[in-house]
Amino acid sequence: MLSGKVAIVTGGTRGIGFEIVRKYLANGAKVVLFGSRQETVDNALKKLHEENGAWEVDGKYPKLTDAAEVEKAVAEVKEKYGRIDILVNNAGISQSTPLYNYTAEEFDKAIDLNVKALFYAILPTAKIMKEQGGGCIINTSSMVSISGQPAGVGYPTSKFAVNGMTISLARELGKDNIRVNAVAPGVTKTDMVAALPEEVVKRISMGIPLGRAGEPEEVANAFLYLASDLASYVTGEILSVDGASKA
Ligand code: NAD
C-alpha cells in the first residue's frame, strides 16, 4: 500500500510508533524512525532488521523540542532518500497529575513535546512536500482531545491543540496537495498506559464499549490507511480508534 514512499515516524522506537514503523515497512515504505536516544533507536532497528533483513529502515535521535535539530534531521532524510512522502508525529508524553500538585514546568513539558515539537517537524517537511508536489502528515492525538481528562490537564490540553493544528493545516495545505490528519487512540496497551496509576486505567477501561483496551497494531492500521492512496480524499480528519470510548 505504500510502495516507494518515504516516511518519517517520530517516537518510533516502541509502543504505537514502533507498530506504525513495522506496518509501513511491511507495506513497502522506506522508514526513518526518530527516537529520543541512540540506544533505543539502535535496539528498535536491530529488532526490525531481525524481523526482515530486506526492510529499508534507518534511525535518528534529534531533540524533538529543538527546532534547529529537527530541521537538520529532516534535511538529512531528504538528502538521503530524495523525498519525504509521509510524516508521522507520534512521540508524546502523558500526564495524570491533579491540578493542585501541578507545576508550570510539568505543564510546559506536555506542550513542548506534544504540540511545539509537531510544529517543528511539520515546518521543514511541509516545504519539502510542497516542492515535490504533495505529501501526507499524520499526528497522534488522543480520545482525551474530545472528552477531556479529569487529571493531568496538560495532556488533554496538548491533544486539543494537536487537533486544532491538524484541521487548520489541512485547510491551509490542501492547495499544495498535502493531506493532514490525526489518529485519536483510546486506551492502548503500551508503556504509556503501564506508567499510569492502576485506578486511572481501571476508570478509563470501564467505559470502553468494546470491553477492552486497544492493541498498538490496531491503532497502526489507521495510520496505514491515512498514509495510503485509499485516503486520497481524506484530510482534516481526527480518526478515533478507541472502541467508542469517548462516545
Ligand atoms: P510510549 O510511551 O510507548 O511511546 C512514546 C514514544 O514517544 C516513544 O517512542 C518515546 O521514545 C517517544 N518520546 C517520549 N518522550 C520523548 C522525547 N522527549 N523526545 C523524543 N521522543 C520521545 O507511548 P505510546 O502509547 O506508544 O504513545 C504514542 C503516542 O500515542 C503519544 O503521542 C500518545 O500521546 C498517544 N496516545 C497513546 C495512548 C495510549 O493509551 N497508549 C492513547 C492515546 C494517545
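User: Q95: buried or exposed?

Analyst: Buried, with a relative accessible area of 5%. Keep in mind that this is a predicted model.

User: Where does Q95 lie?

Analyst: In the loop between β4 (86-89) and α4.

User: And what does the side chain of Q95 make a polar contact with?

Analyst: With the side chain of Y102, at 2.5 Å.

User: What else is Q95 in contact with, leaving aside its neighbours within four places in sequence?

Analyst: Apart from Y102, the list has E106, F107, K109, A110, Q149, A151, G152, G154 and Y155.

User: G152 is on that list. Where is G152 found?

Analyst: G152 sits in the loop between α5 (144-147) and α6. G152 is buried, at 1% relative accessible area. Beyond its neighbours within four places in sequence, G152 touches Q95, S96, T97 and Y102.

User: How far is G152 from V21?

Analyst: Their C-alpha atoms are separated by 29 Å, and the two residues are 131 residues apart along the chain.

User: Next, N114. Which helix is N114 found in?

Analyst: Helix α4. N114 has 0% relative accessibility and counts as buried.

User: Why does 0% count as buried?

Analyst: Because buried means under 20% relative accessible area, and N114 is at 0%.

User: What does the side chain of N114 reach?

Analyst: The backbone oxygen of I93, at 2.8 Å. There is also a polar contact of 3.1 Å between the side chains of N114 and S158.

User: Which residues is N114 in contact with, leaving aside its neighbours within four places in sequence?

Analyst: A91, G92 and I93, then Y155, S158, K159 and V162.

User: On to the helices. At what angle do α4 and α6 pack?

Analyst: Helix α4 covers residues 104-132 and helix α6 covers residues 154-173; the angle is about 20 degrees and the axes are 8 Å apart. That makes α4 roughly parallel to α6.

User: Which residues make the contact?

Analyst: From α4 they are F107, A110, I111, N114, V115, L118, F119, I122 and A126. From α6 they are G154, Y155, T157, S158, K159, A161, V162, M165, L169 and L173.

User: How many of them are nonpolar, polar and charged?

Analyst: The contact of α4 with α6 has 14 nonpolar residues, four polar and one charged.

User: What about α1 and α2, at what angle do they pack?

Analyst: Helix α1 (residues 15-26) and helix α2 (residues 38-51) pack at about 35 degrees, with axes 12 Å apart. Their crossing is right-handed.

User: Which residues meet there?

Analyst: F18, V21, R22 and L25 of α1 meet A44, K47, L48 and E51 of α2. By class, the contact of α1 with α2 comes to five nonpolar, no polar and three charged.

User: And how do α1 and α9 cross?

Analyst: Helix α9 is residues 216-227; the axes of α1 and α9 come within 8 Å and cross at roughly 50 degrees. The two are therefore oblique to each other, and α1 passes α9 in a right-handed crossing.

User: Which residues are in that one?

Analyst: On α1, they are G15, I16, E19, I20, K23 and Y24. On α9, they are P216, E217, V219, A220, N221, F223, L224 and A227. The contact of α1 with α9 contains nine nonpolar, two polar and three charged residues.

User: Last topic, backbone angles. What is phi of N177?

Analyst: Near 60 degrees, which is a positive value in a residue other than glycine. N177 is in the loop between α6 and β6 (178-185).

User: And A244, what is its phi?

Analyst: About 70 degrees, also positive, and A244 is not a glycine. A244 lies in the segment after β7 (238-241).

User: How accessible is A244?

Analyst: A244 is partly exposed, with a relative accessible area of 31%.

Notes
Residues are numbered from 1 along each chain as its sequence is written. This is a predicted model: local features need pLDDT of at least 70, side-chain atom pairs count only at pLDDT 80 or more; totals for chains, interfaces and linings use all residues. Side-chain values use heavy atoms; hydrogens and water are left out. Axes are lines fitted to C-alpha atoms, for helices over the stretch in contact, and angles run from 0 to 180 degrees between N-to-C directions. Helices (H or I, at least four residues) and strands (E, at least two) are DSSP runs, numbered from the N terminus. Angles under 35 degrees count as roughly parallel, over 145 as roughly antiparallel, 65 to 115 as roughly perpendicular and the rest as oblique. Contact means heavy atoms within 4.5 Å. Ala, Val, Leu, Ile, Met, Phe, Trp, Tyr, Cys and Pro count as nonpolar, Asp, Glu, Lys and Arg as charged, and the others, Gly among them, as polar. Buried means under 20% relative accessible area, exposed over 50%, partly exposed in between (1.4 Å probe, protein chains only). A polar contact is a pair of N or O atoms within 3.5 Å; within protein, one must be able to donate a hydrogen and the other to accept it, and residues adjacent in sequence count only if both atoms are side-chain atoms. A crossing is left-handed if the near helix is turned anticlockwise from the far one by less than a right angle, and right-handed if clockwise.
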